[in-house]
Amino acid sequence: MADTGLPATEYLLKDLKRRVKDSRATDPAAVKGLLVEAITALLQPLQQPLKIGAATPTVIMVVGVNGAGKTTSIGKLTHHLANSGCKVLLAAADTFRAAAREQLAAWAGRNQVEIISQEGGDPAAVSYDAVVAGKSRKCDVVIADTAGRLPTQTHLMEELKKIQRVISKAQADAPHEVLLVVDGNTGQNALAQVKAFDAMLGLTGLVVTKLDGTAKGGVLAAIARWGAEQGRVVPVYFIGIGEKLEDLQTFDAREFALALVG
Ligand SMILES: Nc1nc2c(ncn2[C@@H]2O[C@H](COP(=O)(O)OP(=O)(O)OP(=O)(O)O)[C@@H](O)[C@H]2O)c(=O)[nH]1
Ligand SMILES: [Mg+2]
């Protein structure tokens, strides 16, 4: 029911059977508890904090399909980072939609942080300018918002690669983080998105949004299995639980497992 997908479900059932056998549990409530343990163990590697401060500025590029919640998550992330004392600069590298710049500017205003944007600018150029400005203004974090795109739109995926490349010209080891924002309602397609964006850009983390609705986000189990199989996990830094500034939480495997089982 939580749309964890077949391979992750099979994995969890096998693990649960072993746990039931080992503990000789017969009571349904106890078995439910063991299921929570199994899911927690599977999701645990995804629980990692976003680390800021190894580089100044730490440059974060945010990508994802249309409407996943990128811009909103950047607004919330800025709030989270500013609260912990970071100086944040935003880059309006979604130059595709006319309103995108204004949308990010509104989040900058709410957070009272600066924003770099250009009218009709090129997304790579805006990102470059923002990193240069972030360096000279001694910012702790520069976050680049990008336009939504499908992984099948090859030329648009190439554009993301170009942004990444041009950012590294402004600061050698940047971007330090490439975050994929996925809508928690997407179901199994979220795994396809993770794989495709990762193959193109080398993802460093995920933000899973819209978990305040009916979505249970069971696809994280599938994402965790995929990570375990390839020996490289893409962690879930944050989950989005609403549209307001405060509606961002760090991912907690156990809490998530409890909510999933209900
Ligand atoms: N309920 C809820 N809504 C969210 C959440 N995150 C984003 N949204 C809503 O989802 C819609 C799309 O969010 P955006 O931040 O504009 O998404 P985006 O990925 O930047 O979209 P594009 O730039 O057009 O690709 C908006 O109506 C947001 O308010 C969340 O965690 N919970
Ligand atoms: Mg956006």
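This is a predicted model: local features need pLDDT of at least 70, side-chain atom pairs count only at pLDDT 80 or more; totals for chains, interfaces and linings use all residues.
Local features require pLDDT of at least 70 and side-chain atom pairs pLDDT 80 or more, whereas totals for chains, interfaces and linings use all residues; side-chain values use heavy atoms, with hydrogens and water left out. Residues are numbered from 1 along each chain as its sequence is written, with chains lettered from A and ligands numbered from 1 in the order in which they are written.

Secondary structure follows DSSP runs numbered from the N terminus, with helices (H or I) of at least four residues and strands (E) of at least two. An open sheet of mixed pairing is formed by eight strands in the order S3-S2-S4-S1-S5-S6-S7-S8, two strands being paired if DSSP finds at least two bridges between them. Its edge strands, S3 (114–116) and S8 (248–250), each pair on one side only. On average, neighbouring strands of the sheet are turned by 25° against each other, direction ignored; axes are lines fitted to C-alpha atoms, for helices over the stretch in contact, and angles run from 0 to 180 degrees between N-to-C directions. Six bridges join strand S2 (residues 88–93) to strand S4 (residues 141–146) in the parallel sense, and Leu90 has Ile143 of S4 as its bridge partner.

Helix H3 (residues 70–83) lies across several strands, including S1 (58–63), S2 and S4, and runs at about 170° to S4. Helix H6 has 17 residues and spans 25 Å from its first C-alpha to its last, close to the expected 24 Å, where the expectation is 1.5 Å times one less than the number of residues. Among the buried residues of H6 are Leu156, Leu160, Ile163 and Ile167 (buried, under 20% relative accessible area; exposed, over 50%; partly exposed, in between; 1.4 Å probe, protein chains only). The elements covering the buried residues of H6 include S1, S4, S5 and helices H5 (123–136) and H7 (189–201).

The largest nonpolar core has 81 residues, of which Leu43, Val63, Ile143, Phe197, Leu203, Leu220 and Phe251 touch the most other members. Such a core is a set of buried Ala, Val, Leu, Ile, Met, Phe, Trp, Tyr and Cys residues joined through side-chain atoms within 4.5 Å. Helix H8 (residues 219–230) supplies the largest share of this core, seven residues. Beyond neighbours within four places in sequence, the contacts of Leu203 (heavy atoms within 4.5 Å) include Val63, Phe197, Asp198 and Arg232.

Cis peptide bonds are found from Thr56 to Pro57, with omega near -5°, and between Ala174 and Pro175, with omega about -5°. Pro57 occupies the loop between helix H2 (28–43) and S1, and Pro175 the loop between H6 (154–170) and S5. Gln112, in the loop between helix H4 (98–111) and S3, has a positive phi near 55° and is exposed at 75% relative accessible area.

The whole structure contains 11 salt bridges, each defined by a side-chain nitrogen of Lys or Arg within 4 Å of a carboxyl oxygen of Asp or Glu. Asp15 and Arg19 form one at 3.2 Å between the closest N and O atoms; both lie in helix H1, four residues apart. Asp15, Arg18, Arg19 and Asp22 are linked in a salt-bridge network. Arg137 and Glu114 approach to 2.8 Å in another salt bridge. Because Arg137 lies in the loop between H5 and S4 and Glu114 in strand S3, this pair ties together parts 23 residues apart in sequence.
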